[in-house]
Amino acid sequence: MNRLDQSVTVHGKTILLTAKEFALAEMFFKNANRTLSRNNIIKTIWRTPESMASRTLDMHVSRVRSKLDLQLQNGFRIVTVFGYGYRLECLKT
């Protein structure tokens, strides 16, 4: 992860992220294998009440999943924890 240009290298390819996408990805990787509440993510990244950014969070998580190719076969995946939040699972040892 390169904080200077908000990019991530995936499979040898540089992926540029928006500021919010980068902050979200960084938060997930810093807290890998920990479940993060929607409220905590929204307060940290958007600094706004949960109700105002709920769908925005879902959209950004979807974009991060897609852009960073976070799939089971690649060793990482973002799991939705129903009624609570999200967790980045690191599946490779």
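Just after helix 2, R47 takes a positive phi of about 50°, where helices (H or I, at least four residues) and strands (E, at least two) are DSSP runs numbered from the N terminus. This is a predicted model, in which local features need pLDDT of at least 70 and side-chain atom pairs count only at pLDDT 80 or more, while totals for chains, interfaces and linings use all residues. Residues are numbered from 1 along each chain as its sequence is written, and side-chain values use heavy atoms, with hydrogens and water left out.

**Other positive phi values**

- Q6, in the segment before strand 1, has a phi near 55°, a positive value in a residue other than glycine.
- Q6 is partly exposed, with a relative accessible area of 27%, on a scale where buried means under 20%, exposed over 50% and partly exposed in between (1.4 Å probe, protein chains only).
- D69, placed in the loop between helix 3 and strand 4, likewise has a positive phi near 55° without being a glycine, and its relative accessible area of 22% makes this residue partly exposed.

**Helices**

- The buried residues of helix 2 are R38, I41, I42 and I45.
- Seen down the axis of helix 2, these buried residues fall within an arc of 95°, so they line one face of the helix; the arc is that of the directions from the helix axis to the C-beta atoms.
- Helix 1 has twelve residues and reaches 16 Å from its first C-alpha to its last, close to the 16 Å expected at 1.5 Å a residue, the expected span being 1.5 Å times one less than the number of residues.
- In helix 1 the buried residues are E21, F22, L24, A25, E26, M27 and F28.

- Leaving aside residues up to four places away in sequence, L57 touches L24, R38, I41, I42, W46 and Y86, contact meaning heavy atoms within 4.5 Å.

**Strand pairing**

- Strand 4 (residues 76-81) and strand 5 pair in the antiparallel sense over six bridges, where pairing requires that DSSP finds at least two bridges between two strands.
- F76 stands opposite C90 in strand 5.
- The hairpin of strand 4 and strand 5 has three residues between the strands, and in this hairpin G83 takes a positive phi near 75°.
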